[in-house]
Amino acid sequence: MRTVFTTCTRDCPGACSIIAQVEEGKIVKLRGNPNHDITSGFLCKNTAHYLENYFYSDKRILHPLLKVDGDWKRISWNEALEIAASQISKVIKAHGSQSILYYQGFGARTALQSMNKRFFNLLGGVTTTCGTVCGGIGHTAMTMDFGEKKSHDPLDHLNSEVIIIWGRNPAVTDVHLWRILRKAKRSGSTLIVIDPVKTKTAKYADFFIQPAPGNDHYLAMAIAKIIMEKDFDGKNNHVNHDFINNYTSNFHSYQQILDEYSLQDLSSKCDVKIPVLEKLAFMYADGNPSSIVTGWGVHRYLQGHLAFRMIDALAAITGNIGVSGGGVSQGFEEYEYFDFSLKMDELCKPQRQLPMPRIGETILSTDNPPIKLIFIASGNPINLNTNSLRVKEGFESVDFVVMIDHFLNDTSDSADLFLPATTYLEEEDLMGSYGHNWVSPVNPVIPPRGETKSEFEIFQLLADKLGFGDEMSGSPKKWLMKLAEPILNQGIIYEDLCSAPQKMCRNPEIPFSDGKFETESGKFEFIEDFSPNNTHFENYPLRLLSTMHQDFVGSVVPEDELADGFLEVQIHPDNLQDNGLNNGDNALLESPVGNLMVKINANEEVRNDYILTYKGGWLKYNKCVNVLTQDAISEVGEGTPYYDTWVRITPLK
């Protein structure tokens with residue numbers, strides 16, 4: 001039996017280090033690398049079953065396809081590349097290169113994908129996307145406060161006396177972080193979960209708070225108000241005056257914001273009773289130290305930055321910044337260790353960009369020149385982006401759509417040419433992580449199945465067809481060595497980087513322990529502008545929350561989801577009675593942008609101010625929640641406010 005070290009490149013903070021086992025040319029098992037301190041020898045269940053459910057699935061596409069009269073027809077690679085190159089050339093000649101939209105999704109996150117962007121820059125510069133459907137809101141908020149986004153190493157949570165998990169469900173979405181947090185709990189740390197949804201993580205907490213969704217900023221303000229008001233006599237040690245006086249700015253403005261609200265006001269707005277708030281405040285403040293782990297649930301609001309900035313302020317007033325076991329951690333920059341100057345963005349400035357959160361609407365409204373061709377890699381935007389039907393309309397309005405992927409899905413239904421890609425088990429690359437500090441190798445375990453090709457090879461071949469192949473030529477190793485130059489400059493040998501994961505050294509090891517912040521003032525900067533808005537839509541009384549399904553990775557769903565049916569939603573029983581509905585009924589769920597037939601599950605653990613469902617179900621099977629979600633852009637960070645979608649539910653007529 002032969003073994004190969006590689007890394008999972010799917011959209012997950014784990015970026016698991018994998019040992020693949022091969023027998024007679026077939027991969028027979030994947031297991032976690034025991035020498036990686038985050039992977040720690042085990043894999044999530046989705047990766048553990050990746051071979052049978054994904055890699056060797058009979059639904060995986062292994063040959064190029066062309067849509068002819070609405071049906072897919074198998075074609076050769078030469079024909080596929082000729083068609084793609086011809087369509088690209090025709091569009092550029094008629095409308096200019098900016099009439100091409102390149103959409104890079106988040107299905108994989110590797111270093112070599114930067115070469116995709118190099119291709120389009122060498123082509124003359126195309127329209128790309130800005131913003132994100134993931135974590136841009138929190139990233140920007142943290143940058144406003146700290147000057148940069150830096151999180152504590154996951155293992156540092158073992159040094160926390162108190163850990164708050166805020167709007168995150170690592171028991172489902174990041175099982176390796178969850179292992180660490182459970183270990184901390186067993187060692188005596190107090191685990192607090194704040195989430196409007198009673199998640200799997202919440203059920204293991206020492207203390208669970210279930211606030212009104214979208215009001216986390218008021219909850220954080222209430223906690224701060226309690227901590228600070230108990231400090232008036234100067235004898236209480238809950239407020240760290242030394243840190244505030246020497247390492248922060250704008251504290252007076254922050255105090256004024258808090259003074260505008262009574263504790264009763266804040267309690268009412270976040271719907272958490274004052275005794276509970278007091279218990280939470282003193283548990284956090286008494287921790288020595290206390291850490292906060294924030295999640296994607298906090299991002300998904302128009303004004304999500306307010307929550308992040310108020311959460312950051314909690315760490316500042318208590319001095320839980322720059323200390324081991326403290327901090328506010330929301331993730332890492334998976335690309336920070338690579339040199340992406342190879343993308344050659346300087347060739348195409350200014351570059352036209354369309355906001356990812358409103359990609360359907362902006363495709364339809366863009367002119368001078370209009371979008372005529374879309375090239376998409378590692379994404380399924382018709383399924384996963386807001387207002388799916390509008391995204392579909394946008395994609396179907398252009399002359400030609402080229403898609404690189406592994407499977408046919410909702411977006412491929414609107415594509416014209418499908419180019420089958422390799423997976424992380426068949427290609428060479430490097431991988432950072434947005435969940436930890438390791439950089440890991442992606443090594444080919446077996447040759448590509450069927451006729452699949454890596455994205456890198458596809459763009460090299462297209463460059464040959466379009467006349468600039470020399471600028472893209474070379475082996476993956478050639479380009480990866482250039483991309484990895486900042487890593488190699490730390491004394492790591494490239495061969496070592498390819499043979500085993502490398503933990504990157506950070507200076508300082510504990511974020512901000514040197515008291516230096518990359519803000520304009522050089523200090524932690526408290527929030528100064530606090531102008532909360534009411535996002536409620538009249539006649540739509542309930543928020544819609546759509547969380548990650550424990551059996552899904554994005555829109556890669558299990559076999560039993562691939563059938564017509566109804567999206568299942570969870571509703572508090574009081575809302576059923578108020579709307580003349582019963583448990584198990586089918587009903588009509590409506591939002592300002594769409595409607596969907598759903599199946600009702602009554603659930604007393606769901607608050608009565610929202611409806612809960614899961615994301616990733618397919619449009620073609622009537623299970624895509626994003627038919628309902630509002631296509632808006634967050635106030636800060638160009639993020640996607642999925643959870644500011646308001647709905648109503650009625651019986652089917």
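Biologist: Which strand is I611 found in?

Modeller: This is a predicted model, where local features need pLDDT of at least 70, side-chain atom pairs count only at pLDDT 80 or more, and totals for chains, interfaces and linings use all residues. Residues are numbered from 1 along each chain as its sequence is written, and side-chain values use heavy atoms, leaving out hydrogens and water. Strands (E, at least two residues) and helices (H or I, at least four) are DSSP runs, numbered from the N terminus. For I611, residues 610-614 make up the strand in question, β26.

Biologist: Is I611 buried or exposed?

Modeller: Buried means under 20% relative accessible area, exposed means over 50%, and partly exposed lies in between (1.4 Å probe, protein chains only). I611 has 0% relative accessibility, so it counts as buried.

Biologist: How far apart are the C-alpha atoms of I611 and N575?

Modeller: Along the chain, I611 and N575 are 36 residues apart.

Biologist: How far apart are the end C-alpha atoms of helix α17?

Modeller: The expected span of a helix is 1.5 Å times one less than its number of residues. Helix α17 (residues 455-466) has twelve residues, so it should span 16 Å. The model agrees, with its end C-alpha atoms separated by 16 Å.

Biologist: Which residue just after α17 takes a positive phi?

Modeller: Within α17, the buried residues include F456, I458 and F459. Just past this helix, a positive phi of about 95 degrees belongs to G467.

Biologist: Which residue in β5 stands opposite L66?

Modeller: Two strands pair if DSSP finds at least two bridges between them. Strands β4 (residues 65-68) and β5 (residues 71-74) run antiparallel and are joined by four bridges. They form a hairpin with two residues between them, and D69 in the turn has a positive phi of about 55 degrees. Opposite L66 stands K73.
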